[in-house]
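These are my notebook entries on a structure that I looked up step by step. I began with the chain as a whole and then turned to its parts.

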Amino acid sequence: MGRRARDQRGEDDRPAAPSEAGDTLIDTRRLRTLRAVADHGTVTAAAAALHLTPSAVSQQLIALEHEVGHRLFSRDGRGVRLTAVGRILLGHANEVLAQLERAEAEVAGYATGTAGEVTVACFATAISAALSPAVAALRTSAPGLRVRVRDAEGDHSLTMLLDGEVDLAVTVEYRGAPDASDRRLWRSPLYAEPFDLVLPHDHPLAGSATLESLAAETWIGPYPGNPVHDVITFACQQVGFTPNLMHCSDDFRAVVALVGAGAGVALVPRLALRDMTAPGVVVRHTPGPERRVFAAVRRGSEAHPLLRPLLAALREVTGSLGTG
């Protein structure tokens with residue numbers, strides 16, 4: 001590297017400590033720590049996700065910087081940000097960790113992998129409509145497979161998956177979610193679920209309401225941060241208004257009950273209404289938003305013999321729920 005290039009290199013990219021070429025051996029545990037800090041933005045949050053102390057995470061990062069001979073993070077307010085070298089190493093870390101997942105899957109396959117436990121994070125509606133029927137089917141097709149279920153909204157389940165708390169996430173597309181090109185994840189589309197308008201039975205527009213016609217109404221829906229809140233807000237904005245969300249609940253039964261009490265109107269995922277007793281309301285199927293549901297695993301683990309039958313069962317069950 002020439003003098004000019006050396007002089008223009010940022011301080012954050014300068015070597016953290018001397019390292020001898022050819023002798024570098026990077027600890028994969030520290031690569032997991034690197035990814036966790038990059039995902040969460042702070043050492044404290046990464047430590048909580050990894051079930052370590054902040055001091056232990058800081059020590060692992062320092063050791064990793066010594067291993068590669070470069071600074072990997074710099075301060076950014078109360079958090080940290082990756083340096084240029086940190087971003088390079090993170091890209092390779094994602095590939096290395098995915099390959100380790102593949103290795104574990106192949107070893108498990110060699111050992112038959114017919115019995116074991118899989119932990120799944122899934123939101124409530126999909127637990128009822130997709131995951132529970134899949135678990136029931138597996139009692140016959142894979143009796144040695146135990147499925148442990150964690151109820152989690154879509155914006156939490158992917159974080160749980162990447163942090164290693166669960167093996168599979170059933171989740172939805174949402175603002176800020178990792179997209180289909182994210183090298184940390186492997187995704188399998190399951191179904192697309194439309195939303196229906198729910199109005200009090202005596203509403204003047206009960207028989208003819210469209211989304212546009214309800215701009216002046218009081219609305220009932222999930223709290224900000226819930227992916228469904230974003231779907232509803234964006235759908236209303238697409239037709240020219242921002243909904244006045246006066247009442248908030250993440251429980252769709254509570255939302256529908258409030259509609260029945262005359263407190264407002266709502267957009268509710270169709271599958272959430274499927275087995276619900278909803279006195280005092282009218283449900284209208286009108287053109288509107290939908291949420292796209294998919295299963296995700298850490299890249300490289302999609303061939304694991306404990307995950308394959310669960311993924312197959314989910315695809316079989318959801319084949320009749322909508323377009324994946």
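**Entry 1: The chain as a whole**

I looked up the accessible surface of the chain, which comes to about 16400 Å², with 51% of it belonging to carbon and sulfur atoms. I note here that the model is a predicted one. The chain has 324 residues, and 46% of them count as buried. I then listed the secondary structure and found 11 helices and 11 strands. For contacts with a separation of 6 or more, I recorded that 75% are between residues 24 or more positions apart.

How many of the 16 residues of strand β6 are buried? I found that 13 are, so β6, which covers residues 185-200, is largely enclosed by the rest of the structure.

I next looked up the strands that pair with β6. Strand β11 (residues 290-298) pairs with β6 over 9 bridges, in the antiparallel sense. Within this pairing, proline 189 has phenylalanine 294 of β11 as its bridge partner. In β10, valine 283 is the bridge partner of valine 198.

**Entry 2: A hairpin**

I turned to strand β1 (residues 73-76) and strand β2 (residues 79-82), which pair in the antiparallel sense over 4 bridges. Arginine 75 stands opposite valine 80 of β2. The two strands, β1 and β2, form a hairpin with 2 residues between them. In the turn I noted glycine 77, which has a positive phi of about 65 degrees.

**Entry 3: Helix α2**

Helix α2 runs over residues 28-40 and has 13 residues. I looked up its reach from the first C-alpha to the last: 19 Å, close to the 18 Å expected at 1.5 Å a residue. Which residues of α2 are buried? I recorded Leu31, Thr33, Leu34, Arg35, Ala36 and Val37. After α2 comes glycine 41, with a positive phi near 85 degrees.

**Entry 4: The nonpolar cores**

In soluble globular proteins, nonpolar side chains tend to be buried together. With this in mind I looked up the largest nonpolar core, which has 30 residues. Those with the most contacts inside this core are Val120, Leu168, Val170, Tyr191, Leu310 and Leu314. At least two residues of this core are supplied by each of β3 (116-122), α6 (124-141), β5 (168-172), β6, β11 and α11 (308-318). The largest share of the core is from α6, with 7 residues. Apart from this core lies another, of 27 residues, including Leu214, Trp219, Phe241 and Leu273.

I then followed leucine 314 in detail. Leaving aside neighbours within four places in sequence, leucine 314 is in contact with Ala130, Leu131, Ala134, Leu168, Val170, Leu190 and Ala295.

**Entry 5: Leucine 311**

Leucine 311 lies in helix α11. Is leucine 311 buried or exposed? Leucine 311 counts as buried because its relative accessibility is 3%, and the cut-off for buried is under 20%. Not counting residues up to four places away in sequence, leucine 311 touches Leu168, Trp186, Ala295 and Glu302.

**Entry 6: Threonine 286**

Where is threonine 286 found? I located threonine 286 in the loop between β10 and β11. Threonine 286 is buried, with a relative accessible area of 13%. Beyond residues up to four places away in sequence, threonine 286 touches Phe195, Leu197 and Ala209.

**Entry 7: Cysteines**

A disulfide is a covalent bond between the sulfur atoms of two cysteines. How many disulfides does a search of the whole structure find? The search finds 0. I also looked up two of the cysteines. Cysteine 122 counts as buried, at 1% relative accessibility. Cysteine 236 is buried too, and its relative accessible area is 0%.

How values were computed: Residues numbered from 1 in each chain as written. Predicted model: local features only at pLDDT ≥ 70, side-chain atom pairs only at ≥ 80, totals over all residues. Heavy atoms only, no water. Disulfide = S-S within 2.5 Å. Buried < 20%, exposed > 50% of the residue type's maximum accessible area, 1.4 Å probe, protein only. Pairing = 2+ DSSP bridges. Expected span 1.5 Å × (residues − 1). Contact = heavy atoms within 4.5 Å. Areas by Shrake-Rupley, 256 points an atom, 1.4 Å probe, with all protein chains shown as cover. Core = buried A, V, L, I, M, F, W, Y, C linked by side-chain atoms within 4.5 Å.
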